[in-house]
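Biologist: Thanks for sitting down with me. Could we go through the terms you use, one by one, with the model on screen?

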Amino acid sequence: MKYTMIKKIMAYLIIIFCTVFTCACSKQSQKLSNSEGESSFKSEIKSNKKEWNIKVKRVPIVNYPKLDSTSESIKNDHFNSSLQLIKGLKDSDLDNATFFKKSIVINATIVNFEEMKDKAIGPTTEVTILVNKVLSGKKSLEGRTIKTEFGGGLTKAKYIYTDVEGNYYGNYYGYDDPNTRLFANDPAFPMPKIGSKIVTQVVNFSTISKGQQRNYKAKYKLTSKNFYPIKDPYVLFWIKNKGGYRLNNPGFKDVQNDEVNKITKKINTMIPKEGKE
């Protein structure tokens with residue numbers, strides 16, 4: 001009887017040991033898997049960056065849209081709805097501000113760029129980003145890879161130098177062939193590099209016009225499940241630089257805005273510093 005009891009206890013201890021050992025191995029395996037995944041991800045970014053840079057170096061760069069100054073993109077009534085929305089924002093109201101409380105604000109890493117071909121109305125670039133942290137809104141996006149778009153990018157001369165009546169005038173700028181490949185550079189939105197870390201406000205694609213949704217789904221396979229357009233790239237877009245996040249639009253050097261400066265300061269307190277880029 002005593003011998004049988006000892007056997008049962010030993011068997012029970014062996015089961016516990018095996019369970020603990022299995023869990024430990026599983027955790028170690030998971031840790032290794034995560035490490036390998038991170039290494040693979042960095043490698044992918046490096047490869048994508050090299051490939052994109054080669055494509056851009058092969059073509060002429062033109063400014064589009066043409067602005068008298070980058071600050072025009074902030075002062076112009078067409079672009080400043082974001083400034084009107086946050087006007088009068090106080091430090092004590094930051095946590096409850098519409099920007100943080102009723103919006104999707106993300107911190108993300110740019111993984112890849114892809115040309116949106118045959119984009120007749122304003123050239124744009126499809127952007128793959130990894131959401132590192134959700135500062136406000138849809139927490140389920142955290143850790144996910146999603147799509148968005150940046151203004152400018154690889155395009156053809158005819159999509160830049162054609163008037164509303166369909167007349168091509170690129171020959172006046174030295175581009176006789178409408179199919180000449182170009183890179184459209186938006187002076188008020190310097191395109192961040194692949195691998196850059198950003199903060200911006202995005203919206204669900206389902207809130208955009210049905211016509212654009214159908215067009216993007218058919219041509220670029222972008223839907224409300226994977227695509228989140230940027231709310232205001234000229235005002236509500238920050239890029240990591242020298243350890244902190246700063247506004248991407250150069251126009252803010254000439255246009256000081258207390259509300260935007262407060263949001264910038266708040267963003268830099270919400271994201272842990274990781275050293276210089």
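Biologist: What percentage of the 277 residues in the protein do buried residues make up?

Modeller: Buried residues make up 40% of the 277 residues. Buried means under 20% relative accessible area, exposed means over 50%, and partly exposed lies in between (1.4 Å probe, protein chains only). Before we go on, this is a predicted model, where local features need pLDDT of at least 70 and side-chain atom pairs count only at pLDDT 80 or more, while totals for chains, interfaces and linings use all residues. Residues are numbered from 1 along each chain as its sequence is written, and side-chain values use heavy atoms, leaving out hydrogens and water.

Biologist: Why is Thr264 called buried?

Modeller: Thr264 has a relative accessibility of 13%, and the limit for buried is under 20%, so Thr264 counts as buried. Thr264 sits in helix H6 (residues 258–270); helices are DSSP runs of H or I with at least four residues, strands are runs of E with at least two, and both are numbered from the N terminus.

Biologist: Which residues does Thr264 touch, not counting residues up to four places away in sequence?

Modeller: Those are Trp238, Tyr245 and Leu247. A contact means heavy atoms within 4.5 Å.

Biologist: What makes Glu51 and Lys55 a salt bridge?

Modeller: The definition asks for a side-chain nitrogen of Lys or Arg within 4 Å of a carboxyl oxygen of Asp or Glu. For Glu51 and Lys55, the N to O distance is 3.9 Å, so the pair qualifies. In general, side chains of opposite charge can pair when their charged atoms come close.

Biologist: Why are Glu51 and Lys55 separated by about one helical turn?

Modeller: Because they are four residues apart in helix H1 (residues 2–57). Glu51 is partly exposed at 45%, and Lys55 is partly exposed at 37%.

Biologist: How many salt bridges does a search of the whole structure find?

Modeller: Four. One of them joins the side chains of Glu126 and Lys147, at 3.1 Å from N to O. This pair links distant parts of the chain, with Glu126 in strand S3 and Lys147 in strand S4, 21 residues apart.

Biologist: Are Glu126 and Lys147 buried or partly exposed?

Modeller: Glu126 has a relative accessible area of 7%, so Glu126 is buried. Lys147 has 22%, so Lys147 is partly exposed.
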